[in-house]
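Please have the sequence and the 3D view open as you read.

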Number of protein chains: 2
Amino acid sequence: MVRLVVGPGPAGGDRRAAGVTGPFWLADTGAEWTDEPSVVAGHRLDRSGVQPHGSPLAVAFPRGVEQVREVVRGAYATRTPIVTRGAGTALTGASTAGEGVIVLDLSRMDRIREIRADDGVAVTEPGVITAQLDRAAAAHGLRYAPDPASLEISTIGGNIATNAGGLRCAKYGVTRDAVLGLDVVLADGRLIRTGRATLKGVAGYDLTGLFVGSEGTLGVIVGATLRLRPLPEPTTTIAASYGAVADAAAASVALAGARIQPVLAELLDEATLDAIDADQGTHLRKAASALLIVQIDGGAAEAARALEVLGTDATDVRSTADPAETAALLAARRGALPAIERLGRPLIEDIAVPRSRLAEAVREIGAIARRYDITICTLAHAGDGNLHPIIVADETMVAATAAADEIFALALRLGGTVTGEHGVGVLKRAWLRRELGPDNHDLQRQLKSLFDPYGLLNPGKAL
Amino acid sequence: MVRLVVGPGPAGGDRRAAGVTGPFWLADTGAEWTDEPSVVAGHRLDRSGVQPHGSPLAVAFPRGVEQVREVVRGAYATRTPIVTRGAGTALTGASTAGEGVIVLDLSRMDRIREIRADDGVAVTEPGVITAQLDRAAAAHGLRYAPDPASLEISTIGGNIATNAGGLRCAKYGVTRDAVLGLDVVLADGRLIRTGRATLKGVAGYDLTGLFVGSEGTLGVIVGATLRLRPLPEPTTTIAASYGAVADAAAASVALAGARIQPVLAELLDEATLDAIDADQGTHLRKAASALLIVQIDGGAAEAARALEVLGTDATDVRSTADPAETAALLAARRGALPAIERLGRPLIEDIAVPRSRLAEAVREIGAIARRYDITICTLAHAGDGNLHPIIVADETMVAATAAADEIFALALRLGGTVTGEHGVGVLKRAWLRRELGPDNHDLQRQLKSLFDPYGLLNPGKAL
């Protein structure tokens with residue numbers, strides 16, 4: 001029962017005769033597609049654990065813009081909902097696909113079209129893996145700055161759809177700051193180009209910014225013009241250990257107080273260090289209850305000041321410029337999530353608070369964990385106040401869900417947000433209205449209706 | 001005939017008896033207002049030279065958000081158009097106000113509400129002068145990075161409404177990059193808060209970005225949460241002279257080619273240097289046909305590399321770390337526009353091209369000037385490919401307008417934009433559709449209708 005149809009399939013009634021079921025019109029789009037159950041099942045979930053109701057109709061694998069347009073036009077004509085997907089690494093349910101949906105898998109549109117080094121610009125298709133773009137830029141002495149922890153497995157298109165953050169965005173900005181322009185297929189199949197190919201430009205409303213972070217609900221991103229930046233000067237990496245996680249958080253606030261601008265400032269609490277050590281065979285935990293990894297690229301003077309500030313309350317502090325040692329430290333941090341996933345089902349939260357409230361947030365999260373008698377591994381991009389409390393849940397999810405709600409309430413109470421960089425997806429829809437307020441939320445719903453009048457683009461997500 | 005009514009004025013028929021004419025309902029808003037002809041006349045124009053048809057009805061001077069809401073509600077109820085204005089320094093006609101309009105002058109909402117240094121955040125009213133905010137931040141070891149040439153006279157609200165650029169945005173970003181959240185009064189008087197008070201956040205669509213650069217056509221910005229950054233390390237300033245403007249442009253491209261990231265890279269051509277020398281009594285012109293002013297804050301090694309790259313084809317190159325000398329160089333640059341204004345009526349263009357096409361753009365602009373036998377002073381933020389060809393026009397404006405059209409066409413031909421940082425206003429509306437394409441432009445019109453169904457907010461501007 002092979003249902004993979006390459007290019008235009010058998011026409012009209014022949015399709016039924018050929019045993020092709022499902023959305024026949026896909027065969028007319030020029031895109032490869034399948035309704036093979038194992039492939040469809042593999043496109044139903046993302047990395048959030050969210051279980052959608054039912055199963056998608058089919059998966060289409062376009063290889064170019066015109067094929068995307070044909071699929072979107074067909075969906076519009078038949079009022080079939082579409083879930084656009086890159087690598088499916090969303091942590092929020094944003095790329096889950098349920099009953100009656102067609103999945104538009106853009107992972108085969110994976111070409112870097114152009115790197116214009118002197119312009120500081122790259123032009124890519126959406127399915128390019130983020131780390132591959134960064135490596136391609138490095139060959140020109142440049143880099144693509146945003147570096148979500150998933151950068152080796154997630155795509156540029158997905159990063160744009162969620163406005164992904166990362167480690168070094170404390171200094172070099174989030175995905176939004178790197179996107180100059182987009183090619184977008186609208187709900188009815190029209191193709192628009194937003195933004196510009198230049199570093200500056202203010203012609204018209206900022207539609208680029210509107211599509212960035214819209215989680216596939218306003219249009220399908222089929223191309224991106226991205227900003228590349230010079231590779232920075234050699235970097236100093238500092239690892240500082242603390243007797244308590246609140247001390248580590250306070251030290252990161254002290255960095256800001258000293259007007260030091262770290263490239264990254266990653267905080268890992270005791271539970272996270274335990275998980276990494278168990279998974280990677282490292283010995284990060286040893287005498288420390290919390291670890292702060294800080295990188296500085298502003299020169300030796302800034303590095304010396306950072307070392308002094310971090311050392312004040314540290315039980316141990318060491319600095320390195322050695323690439324291997326640096327890579328090992330960062331690998332430990334980037335491996336934190338997979339390590340925690342081995343402990344149980346992780347519910348990954350993603351709040352951000354004003355940087356000065358970080359220690360308070362960390363203490364309150366500890367209190368929530370004790371109150372519900374659950375494990376919460378907290379890691380944080382401390383440089384911009386973005387915390388990832390990862391709740392290790394049991395099968396029932398009852399305590400985990402209640403604790404998550406308390407964490408969201410905490411974020412808002414501290415003047416923060418329920419999502420710093422992962423997005424809303426399906427997991428945080430209920431909290432979005434509370435954060436935005438009804439007038440803002442209503443306006444966003446009207447925007448959604450303007451771009452997608454039949455509600456076909458990633459329905460039930462983000463808003 | 002004093003018509004200034006402070007606070008609630010005489011009610012009902014008493015107003016007429018008191019000789020108050022014009023939009024009586026303004027008296028019920030709590031805002032100071034006037035229809036005194038001299039004040040109204042002073043609020044009719046901006047710095048573009050655009051002459052609107054007719055004269056505004058009145059000017060309101062709210063001192064707080066609730067007063068703005070009352071004025072907007074009154075305008076909505078009576079279907080009266082509103083032009084929101086900060087300092088009126090727009091170069092595009094964006095803040096001109098004609099027949100039947102009420103001007104909402106926000107210059108008296110000029111308080112910096114809060115500087116939270118450890119959070120890297122400032123909260124301000126819209127009427128704050130940009131340089132004042134920067135100075136207030138400097139007292140905390142921080143700065144507000146965007147620095148339009150008008151920073152001593154323009155307001156934060158106006159900078160946000162136009163997504164103003166500036167000199168050091170080559171490295172530190174434009175206004176958009178510094179705006180975290182906004183308080184906005186919608187067309188019907190509802191107040192929403194967009195964005196966040198944290199450095200990161202992705203809850204919902206990016207309405208903040210949509211309001212930034214929307215030139216007062218989508219809502220009235222009444223408050224802003226802004227990002228502050230640490231003051232950088234001491235800076236090296238390099239002044240390099242060239243025998244031809246194309247050589248200076250090529251040198252700035254070579255900087256990018258060497259992966260050097262200048263804080264600013266300002267190019268001034270022969271005609272601009274002449275104008276500055278005549279106005280300021282300087283001797284910039286001397287042996288040079290073009291001057292490139294470059295600042296580096298990435299350390300001594302980067303400064304040395306920049307000096308080498310810029311020196312290759314320069315007739316003279318000097319570097320300074322002396323604050324007075326640096327300030328004099330930058331003052332010359334910032335004084336360029338007033339200096340050129342003394343030569344005749346300036347038509348200030350604002351194209352941006354991919355950085356690598358800068359030399360080509362400069363050559364073509366020279367050819368246009370010769371073809372129309374007019375003076376065009378070209379200065380450029382060379383670091384991001386943003387050129388300001390300033391056409392010195394005669395009274396008829398015929399040759400100037402034709403030359404401007406050729407410059408716009410040139411920008412699009414080189415893959416650029418018709419406005420890098422000044423905005424569309426009324427001067428570039430015709431070119432906007434050409435740049436955006438009809439589908440994008442139509443979508444922007446629909447957005448405008450969604451936010452402003454009766455077309456009352458800065459009508460006839462931006463789109």
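Asp134(A) is buried, with a relative accessible area of 16%. This is a predicted model, and in it the partner of Asp134(A) is Arg168(A): the two form a salt bridge whose closest N and O atoms are 3.2 Å apart. Arg168(A) sits in the loop between helix 5 (156-162) and helix 6 (169-172) of chain A, while Asp134(A) belongs to helix 4 (residues 130-138), so the pair ties together parts that are 34 residues apart in sequence. Arg168(A) is buried too, at a relative accessible area of 14%.

Now over to chain B. Arg168(B) and Asp134(B) meet in a salt bridge through their side chains, at 3.2 Å from N to O. Here Arg168(B) lies in the loop between helix 5 (156-162) and helix 6 (169-172) of chain B and Asp134(B) in helix 4 (residues 130-138), so this pair links parts 34 residues apart in sequence. Arg168(B) counts as buried because its relative accessibility is 13%, under the 20% cut-off. For Asp134(B) the relative accessibility is 16%, which also counts as buried.

Back in chain A, salt bridges that share partners join Asp134(A), Asp147(A), Arg168(A) and Arg334(A) into one network.

Here are the salt bridges of this report side by side:

| Pair | N to O distance |
|---|---|
| Arg168(A) and Asp134(A) | 3.2 Å |
| Arg168(B) and Asp134(B) | 3.2 Å |
| Arg116(A) and Glu114(A) | 3.8 Å |

In the last pair, Glu114(A) counts as partly exposed, at 36% relative accessibility. Over all chains, the structure holds 66 salt bridges.

Definitions and conventions:
Residues numbered from 1 in each chain as written. Chains lettered and ligands numbered in written order. Predicted model: local features only at pLDDT ≥ 70, side-chain atom pairs only at ≥ 80, totals over all residues. Heavy atoms only, no water. Salt bridge = Lys/Arg side-chain N within 4 Å of Asp/Glu carboxyl O. Buried < 20%, exposed > 50% of the residue type's maximum accessible area, 1.4 Å probe, protein only. Helix = DSSP H or I, 4+ residues; strand = E, 2+ residues; numbered from the N terminus.
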